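Q: I am new to reading structures. Can you take me through one, feature by feature?

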Amino acid sequence: MAQDLTLARPVTGTATPVSPGPRRRPRRWLTGTLKALAGLFFVVLALFPLAWMVIAGFKTKTEVVRTPFQFFPQVWNVDNYTQILADPTFLSSLGITGFGAVLFTLLSLTVNSMAAYAFARLEFQLKRTLWVVVITTMFIPGMTILLTSFIMVTKLHMLDTLAVLVLPGAAAAIHVFFIRQFYLNIPRSLEEAALIDGCGRWGVYLRIFLPMSKAPFVVVGVTSFLTFWNSYVWPIMTITSPELYQIQQYLASFRSERSSELGMLMAGSALAAAPVVLVFLVFQRQIIANIKMAGLK
Amino acid sequence: MARRRPADDHVVAANKKRYPDTVMAYVMIAPIVILLGIFVIYPALQATVLSFYNWSFYQESEFVGLKNFTDVLTDPKFRASILLGLKFVAITLPVQLVGAFLFASLATAVNRRFADVLKVSIYIPTIISGVITSVIFTIIYDYSGGILNALLAKLDLTTQAWLGDPRLALVAIAAPAVWLGMGLTCLIMIAGMLDIPASFYESADVEGANWWQKTVYITIPQLKNILLYLIITGFVASIQQFELPLIMTNGGPMSSTELPNLFIFNHFRGDPYVGYSIAAALLLFVVLGSVSALIFRVLNSEKLVD
């Protein structure tokens, strides 16, 4: 695209190299400082709301939105955190959400990767038709089938069970697509030897493909975990027993039922956000590296 | 296979050769086909059928033809919610794209360690739930004790009832929506920028081009596809936003935040007959589903055709 390089007359001024190119200008420290400030600006915008939540968790219930405004708590006390942790429903909803999220993640990895392998490597009748059907489901907005899915789980007597949370979303075309892309790039030569040795297609999947699947599994696994942990609308439609309350559902009902306990609400929110932030930080390198693969080519 | 003619044996044998893995493949895809069939495909088909009926949980249903669709399309409230959705997109999408562009320009121009810190920080909000985001922004917006009004008061500006004022509530919902959506947009933009050959910038440097010129003549034209992708996926995601208004305002005040999906959801919850909301949801599917299918096809065309 050389024609894109038809530049206007060079204008004098500070050149800020976008890529590491030759830096000839002496005002490097100035651009350096500007970049640092701009970076700081973005970091603050991104992280301030979360910091604000954690700080508010240390405030007494009247301090959170008090007039006159007060940035830090008068006394940093951990009462909100200890009180919310003493609430058995909070703890059980953290536990059951975590348990459900792990089940959901494992199920999602299993069913989606098996299908991905079949669509990437096996030759079978109706392959194209099934592939088109599977991919089409990707474009059905959740809202379109929200009510009829609800009718379905009602008919199947799944309401108010863990199954209603785990099963419906586990198969996801986008994940099949993503893992399949990865499998298509595994060289066939790797499995040919195994096939000749009589490994069989299952053996190839279990012993060659699965061990190489770390990169797509991290992305699909973390995405599944986050989706489950953060879901709110489906749980409020399908779960009514407090023993099965999902964490977002718990927080939302706490917010409406105990609206004066803002400090505790913020502490609970901070504790509920902590696991996902942790999961993300552990896998951030792989997730960030794979963003491009996920969305585009 | 009940009535098998002799000629079929030939076909079966030929198929066996052409499709050696059929049985095994069916075993492997059975789980997703069953799960998608029960929880996605059947409900989608049922929604299509029900949109022609006057269906309710408690009564015999009755065929009503296109009545649900005409009801939806002639309902000024539905049209108002679509317009509101477009307005919401018009507020969020430009901010998100311009912000992500500036962010990506910065992140590709600093050293690696700083870039990593920037990328991780900007992505963290993406993983926070809609409920928690709503809780946080509600206290930020609080009229008498929120930090936003405290800041305005310090600057001698008028304080506002952010979520209580029909003129401001949509903007007040847009801010957390951008906060949540920014991370992914930024990272995709960065990936796109890193794909632009460095030699383009080198020759621009030789000619003494400044940052602005390089942006206008190199970066933006080279990012054309990425920008198109981000605009379309951003549009589809943004117009479907409904958790934030559901929790923060429940569509109020005076329906000023009743975005299309929330409008449909509130009808689901409120109507005795579901035909209306299902018809509305289907119309949404036809429009948004085909838009996203189209962009997916354009971007991945060579992958869909084996």
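Q: How many helices and strands does the secondary structure of chain A come to?
A: Some ground rules come before the count. This is a predicted model, in which local features need pLDDT of at least 70 and side-chain atom pairs count only at pLDDT 80 or more, while totals for chains, interfaces and linings use all residues. Residues are numbered from 1 along each chain as its sequence is written, and chains are lettered from A and ligands numbered from 1 in the order in which they are written. Helices (H or I, at least four residues) and strands (E, at least two) are DSSP runs, numbered from the N terminus. Chain A has 13 helices and zero strands.

Q: What percentage of the residues in chain A is buried?
A: Count neighbours. A residue is buried if 20 or more other C-beta atoms lie within 10 Å of its own, exposed if 12 or fewer, and partly exposed in between; C-beta atoms are placed from the backbone. Of the 297 residues in chain A, 37% are buried.

Q: Is A:L162 buried, exposed or partly exposed?
A: A:L162 counts as partly exposed, because it has 15 C-beta neighbours inside 10 Å. It sits in the loop between α5 (142–155) and α6 (163–166) of chain A.

Q: Which residues does A:L162 touch, not counting those up to four places away in sequence?
A: Two residues are in contact if their C-beta atoms, placed from the backbone, lie within 7 Å. On that count, A:L162 touches A:G100 and A:L244. A:G100 is 62 residues from A:L162 along the chain, and their C-alpha atoms are separated by 7.1 Å.

Q: At roughly what angle do the axes of α3 and α10 of chain A cross?
A: Axes are lines fitted to C-alpha atoms, for helices over the stretch in contact, and angles run from 0 to 180 degrees between N-to-C directions. Helix α3 (residues 88–121) and helix α10 (residues 214–230) of chain A cross at roughly 140 degrees, and their axes come within 8 Å. That makes α3(A) oblique to α10(A). Angles under 35 degrees count as roughly parallel, over 145 as roughly antiparallel, 65 to 115 as roughly perpendicular and the rest as oblique.

Q: Which residues of α3(A) and α10(A) make the contact?
A: Among them are A:G100 and A:F104 of α3(A), and A:F217 and A:W229 of α10(A).

Q: How many residues does each chain give to the contact between them?
A: Chain B gives 100 residues and chain A gives 84 residues. Helix α2 (residues 22–50) of chain B gives the most to its side, with 21 residues.
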